[in-house]
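Please read it alongside the sequence and the structure.

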Amino acid sequence: MVLVSGIAVVDLIASGMERVAGPGELVFGSVSVSLGGHACNVSTDLVRLGLPASEVRVVIPAGRDLFGGFLLRGLRDQGLRVRPVLAARAPTSLDLILVARGEDRRYNADPGANVEMEPGPVLALLERHRPRVFYAGGVGLLGRFDAALAPVLRRARELGALTFVDVVSPYRKTWAFLRRALPWTDVLHCNGDEATSVAGRRDPAAAAAALRGLGAGSVLVTLGGKGVAAAVPGAALRLGAFRVRAADPTGAGDAFSAGLIVRLHRALAAGRRIDAFTPPDWVEALVHASACGAVCATGIGTTAAVDGAEVERLVRRQGGKLAGSARVSPAAQAAAKPSRASRRARTFRGSQS
């Protein structure tokens, strides 16, 4: 089972515009309303990629308003079991996303209920369900939950879960909360800007290696059309990108995470240990995850285009060539050496699972 937690957002997406309107100007396009935020996107994508909804539990922050009801109905309509953490004062988070042709997305967000997220409900679900994978998405925007991220991940590990962390740029705080949590993080996913900000390295490969040196088990840095840079046990990996006609890249990173979780969950269910993955295992898993992100980008919205059958077709058409061109090199000793705290964490986990 996979326990998904993290930010939840109602996305208002304006797309198909030739350009973003200037002051006083009217530019036509299409406007849609959809579920958004890491927790909503990843849980939806997991189901779309073939994981039974009965194998997924979701915990999200929401306001006591009509948008909060929209989030819960949207997830429950997919058969997902959802535990809302209702904010006492804040409204449901909203995000106005502007997508102009040939330009990167523009986000105008209200953090809303996300900043009131508490760790207690997540810990309760970890104790109750003891999932194979625990996913914490959008950390950096989760208020009290972020402050408790390290002990939450540690408890998830004690209960036998693989921990997967997905970040956003921190809201009104530094990255210190994440650095404390890295020794309890089995898989860390971020984009190039986030990796640079946390690690202080401009090169994505160097940033991934530095983050692994701070304690994370495996670090995956997605770079949009430039592919993925990864630091995994014993190796540095660089993988290119699939060639697709992108309509809207919103949600592609979450689809990447969901695709990887599906592969990791499958391996764990078969009795494999992720820390025993070889570099070719990681290349295969990253090809699948990258295909999920690429397929997501072919549609409008965060999850609408994600489809397991289409992912498999894309992998059959381009995956072999992409895997064959992957660059695999030994990890630099200094960068790949886990921190002392990380070594203690992994030793502790081994005694519990």
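In this predicted model, helix α7 (residues 192-199) packs against helix α8 (residues 204-213) at an angle of about 50°, and their axes are 9 Å apart. That angle makes α7 oblique to α8. The crossing of the two helices, α7 and α8, is left-handed.

**Contact between α7 and α8**
- On the α7 side, the contact is made by A195, T196, V198 and A199, which meet A207, A210 and L211 of α8.
- Six of the residues in the contact of α7 with α8 are nonpolar, one is polar and none is charged.

**Ten-stranded sheet**
- Ten strands form an open sheet with mixed pairing, in the order β5-β4-β1-β8-β9-β10-β11-β12-β13-β14.
- The edges are β5 (81-86) and β14 (327-330); each has a single partner strand, so one side of each is left without a neighbour in the sheet.
- From one strand to the next, the twist of this sheet averages 15°.
- Strand β4 (residues 56-62) and β5 run parallel and are joined by six bridges.
- V59 has R83 in β5 as its bridge partner.

**Four-stranded sheet**
- A further open sheet has four strands in the order β3-β2-β6-β7, again with mixed pairing.
- Its edge strands, β3 (30-36) and β7 (106-110), each pair on one side only.
- The twist here averages 20° from one strand to the next.
- Strand β6 (residues 94-100) runs antiparallel to β7, and five bridges join them.
- I97 stands opposite Y107 in β7.
- Helix α2 (residues 66-76) lies across β2 (9-17), β3 and β6, at about 70° to β3.

**Confidence**
- The protein chain has a mean pLDDT of 92, and 94% of its residues reach 70 or more.
- Over residues 333-337, pLDDT stays under 50; the model has seven contacts beyond four places in sequence for this stretch.
- Over residues 339-344, pLDDT also stays under 50, and the model has nine contacts beyond four places in sequence there.

Conventions:
Residues numbered from 1 in each chain as written. Predicted model: local features only at pLDDT ≥ 70, side-chain atom pairs only at ≥ 80, totals over all residues. Heavy atoms only, no water. Axes fitted to C-alpha atoms, helices over the stretch in contact; angles between N-to-C directions. Parallel < 35°, antiparallel > 145°, perpendicular 65-115°, else oblique. Left-handed = near helix turned anticlockwise from the far one by under 90°. Contact = heavy atoms within 4.5 Å. Nonpolar A, V, L, I, M, F, W, Y, C, P; charged D, E, K, R; others polar. pLDDT = per-residue confidence, 0-100. Pairing = 2+ DSSP bridges.
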